Amino acid sequence: MIELVSESRCIKCNICVNICPTNVFDRIADAPPTIARQSDCQTCYMCELYCPVDALYVAPESDVTASVNEAELAEVGLLGSYREKIGWGHKRTSTAKADQTFQILKQMK
């Protein structure tokens, strides 16, 4: 579930507002977006994936909210960590070639 929009990292591009399939965020003039409907978050990670500056944190728990501290998340490298793991972003290596999801799908046919 979406837990954090970092005010210090956010560049106010509103990509997260536009990409969210469940309209979790509200656009705020001259400020970072706000998490307005957290319970609507489906933990799809789309906002975190598309954030160009790793300003979002989506916790893996989809049905409970978590108490998060931005400094602690940054210290342990969790801000943008999903995006990094799949290789999205400047100077990151894509992991698409290592994805074996197609093998599971082949077995389901």
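Is Trp88 buried, exposed or partly exposed? Trp88 is partly exposed, with a relative accessible area of 32%; on this scale buried means under 20%, exposed over 50% and partly exposed in between, using a 1.4 Å probe and protein chains only. The structure is a predicted model, in which local features need pLDDT of at least 70 and side-chain atom pairs count only at pLDDT 80 or more, while totals for chains, interfaces and linings use all residues. Residues are numbered from 1 along each chain as its sequence is written, and side-chain values use heavy atoms, with hydrogens and water left out.

The search of the whole structure finds two aromatic pairs; rings of Phe, Tyr and Trp (its six-membered ring) are paired if their centres lie within 6.5 Å, and planes under 30 degrees apart count as stacked, over 60 as edge-to-face and the rest as tilted. In one of these pairs, the ring centres of Tyr50 and Trp88 are 5.1 Å apart and the planes stand at 90°, so the arrangement is edge-to-face. Tyr50 belongs to helix α2 and Trp88 to the loop between α4 and α5, so the pair ties together parts that are 38 residues apart in sequence. Here helices (H or I, at least four residues) and strands (E, at least two) are DSSP runs, numbered from the N terminus.

Next come the charged side chains. A salt bridge is a side-chain nitrogen of Lys or Arg within 4 Å of a carboxyl oxygen of Asp or Glu, and by this rule the count comes to three. One of them joins Arg37 to Asp26, with the closest N and O atoms 2.7 Å apart. This pair links distant parts of the chain, since Arg37 sits in the loop between β3 (34–35) and α2 (46–50) and Asp26 in strand β2 (residues 25–26), eleven residues apart. Arg37 is partly exposed at 27%, and Asp26 is partly exposed at 30%.

Asp54 takes part in a salt bridge with Arg83, the closest N and O atoms being 2.7 Å apart. Asp54 lies in the loop between α2 and β4 (56–58) and Arg83 in helix α4 (residues 81–86), so this contact ties together parts that are 29 residues apart in sequence. Asp54 counts as buried at 10% relative accessibility, and Arg83 counts as buried at 8%. Asp54 also forms a salt bridge with Arg92, again with closest N and O atoms 2.7 Å apart. Arg92 is in the loop between α4 and α5 (101–108), 38 residues from Asp54. Arg92 is partly exposed, with a relative accessible area of 25%. Through shared partners, salt bridges join Asp54, Arg83 and Arg92 into one network.

Arg83 has a further contact: its side chain reaches the backbone oxygen of Leu49 at 3.4 Å. This is a polar contact, meaning a pair of N or O atoms within 3.5 Å; within protein, one must be able to donate a hydrogen and the other to accept it, and residues adjacent in sequence count only if both atoms are side-chain atoms. Tyr82 also lies in helix α4 and is partly exposed at 31% relative accessibility. Tyr82 and Leu49 are 33 residues apart in sequence, yet their C-alpha atoms are 7.1 Å apart in space.

Finally, what about empty space inside the model? Rolling a probe the size of a water molecule over the atoms shows where empty space is left. On a 1 Å grid over the protein atoms alone, a cavity is a set of points where a 1.4 Å probe fits but cannot get out, and lining residues have an atom within 4 Å of a point. Grid points are joined across faces, edges and corners, and a volume is the space filled by probe spheres set on the points. The search finds two cavities of 30 Å³ or more. The largest has a volume of about 90 Å³, and of its 14 lining residues the closest to the centre are Cys20, Val24, Cys41, Cys44 and Cys47. The second largest cavity holds about 60 Å³ of space, and its lining includes Val5, Cys10 and Leu56.

Definitions and conventions
On a 1 Å grid over the protein atoms alone, a cavity is a set of points where a 1.4 Å probe fits but cannot get out, and a pocket is an open set with protein on both sides within 12 Å along at least five of seven lines; lining residues have an atom within 4 Å of a point.
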